[in-house]
Amino acid sequence: MIVLGIETSCDETAAAVASGDRARGQRILGEAVLSQIAEHKPFGGIVPEVAARAHLAHLDGLIRKAMADAHTGFGDLAAVAATGGPGLIGGVIVGVMTAKSIAAVHKVPFLAVNHLEGHALTARLTDDVAFPFLLLLVSGGHCQILVAEDVGRYRRWGTTLDDAAGECFDKVAKMLGLGYPGGPAIERAALDGDATRFKFARPMVGKPGCDFSFSGLKTAVRLAAEALPRGPFSARDVADIAASFQAAVVASVTNRMKNAIERFRNEYPEGRALVVSGGVAANTALRAGLQDIAATAGLDFIAPPLKLCTDNAAMIAWAGIERLRKGLMDPLDFKPRPRWPLDAHAAPAIGAGVKA
Ligand code: KG4
Ligand code: ZN
């Protein structure tokens with residue numbers, strides 16, 4: 001079962017071909033990605049209109065390249081999957097329309113994949129993780145704790161009340177003049193920093209439940225930066241703020257995850273794994289913290305390789321395969337969704353819903 005996947009919901013234009021079995025030794029048969037970082041860099045963040053135009057300009061070529069890489073013709077496809085949301089709507093429309101066209105011309109099923117389900121199922125693509133599993137999804141747009149019960153069946157236990165973790169990394173990096181994207185820049189700067197110099201409060205630590213909040217921390221960092229002597233920040237100040245900020249994020253996220261693990265062990269005693277996904281999962285300090293609490297709880301810690309943690313099309317192709325196996329195809333009049341929560345029953349968090 002070979003499926004073409006398309007991802008255009010944010011600032012990465014990507015196409016990939018995945019196979020349901022490992023007949024050829026691997027599941028990802030071909031991939032092509034174009035990061036738009038250079039296009040957005042001058043603006044210090046993602047500009048939706050710029051993103052949509054770049055997706056439109058590059059997607060066809062990337063699909064051709066991924067298909068050629070996979071030695072696959074359109075006639076070999078069992079289906080075409082595209083991110084149907086949530087995300088920047090202009091980009092989602094580009095991907096969905098392209099996928100629908102291929103599906104219509106080649107008479108194969110079309111699958112609209114929830115981007116978050118793509119992230120969620122990546123651990124099954126790479127590690128065959130069995131349901132149910134506990135999932136931390138931390139990216140630039142999302143910060144959620146979910147239980148993946150089955151394909152298409154998720155329980156959201158926590159989400160952010162304001163900013164996503166990655167968004168907070170990006171904003172703090174901007175304040176410190178570290179540029180975009182901020183996560184990797186903060187992590188690099190933090191390497192030589194003193195994480196104890198700035199005593200930032202650990203958001204939500206000690207509170208029950210699994211929700212997150214990062215806007216207070218962001219403000220605390222801004223106030224600390226403003227209290228420094230005027231003029232460009234010294235490398236020492238930048239490193240110390242970055243390290244102190246990162247430590248606060250890690251403490252907050254691991255604290256929320258501890259609550260989630262306790263609940264998971266009670267409600268899903270058969271569950272074996274803690275899975276992390278999303279761009280922020282690239283952060284080494286965060287990974288180490290999560291690995292630690294997973295080990296203490298006797299859970300396997302599964303973090304897909306970095307390039308499959310950040311936005312990519314292989315995860316969309318794979319989610320397409322999993323959905324196709326269940327007969328969960330979509331009609332060609334599917335409407336792209338700027339918002340699309342994975343768990344429709346989860347109570348909306350205060351101020352959230354902005355992202356999902
Ligand atoms: O999953 P992703 O590629 O795109 C979204 O769906 O948002 O995540 C991108 C986010 C950005 O906010 C970026 O700053 C953050 O992930 N990120 C990191 C690191 N690498 C990427 N945050 C912290 N540490 C990192 N090493
Ligand atoms: Zn993502």
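A salt bridge, as I use the term in this notebook, is a side-chain nitrogen of Lys or Arg within 4 Å of a carboxyl oxygen of Asp or Glu. The model I am reading is a predicted one.

**Entry 1: salt bridges**

I began with R155 and E149, whose side chains meet at 3.6 Å, N to O, and the pair therefore counts as a salt bridge under the 4 Å limit. I noted that R155 is partly exposed, with a relative accessible area of 30%, whereas E149 is buried, at 16%.

How many salt bridges does the structure hold? I found 16. One of them joins the side chains of D128 and R27, at 2.8 Å from N to O. This pair links distant parts of the chain, 101 residues apart, since D128 sits in the loop between α4 and β6, and R27 in the loop between β2 (12-19) and β3 (28-35).

I then turned to R222 and E226, which form a salt bridge with their closest N and O atoms 3.3 Å apart. Both lie in helix α7, four residues apart, about one turn of the helix. I reminded myself that an α-helix has 3.6 residues a turn, so residues three or four places apart point the same way. R222 is partly exposed, at 36% relative accessible area, and E226 is exposed, at 53%.

I also wrote down a network of salt bridges that links D163, E167, K171 and K218.

**Entry 2: helix α5**

E167 came up again when I listed the buried residues of helix α5 (residues 165-175), among them E167, C168 and F169. The buried residues of α5 pack against β6 (133-138), β7 (143-150), α6 (182-190), α7 (215-226) and α8. Just after α5, I saw that G177 takes a positive phi of about 75°.

**Entry 3: the zinc ion**

Which residues are the protein donors of the zinc ion (ligand 2)? They are H115 (NE2), H119 (NE2) and D311 (OD), at 2.1 to 2.2 Å from the ion. H115, in helix α4 (residues 115-127), and D311, in the loop between α10 (306-309) and α11 (314-325), are 196 residues apart, and both are buried.

**Entry 4: a buried aspartate**

Last, I checked D240 in helix α8 (residues 235-267), which counts as buried because its relative accessibility is 3%. Leaving out residues up to four places away in sequence, D240 touches G193, D194, R197 and F198.

Notes. Residues numbered from 1 in each chain as written. Chains lettered and ligands numbered in written order. Predicted model: local features only at pLDDT ≥ 70, side-chain atom pairs only at ≥ 80, totals over all residues. Heavy atoms only, no water. Donors = N, O, S within 2.8 Å, 3.2 Å for Na, K, Ca; no water. Helix = DSSP H or I, 4+ residues; strand = E, 2+ residues; numbered from the N terminus. Buried < 20%, exposed > 50% of the residue type's maximum accessible area, 1.4 Å probe, protein only. Contact = heavy atoms within 4.5 Å.
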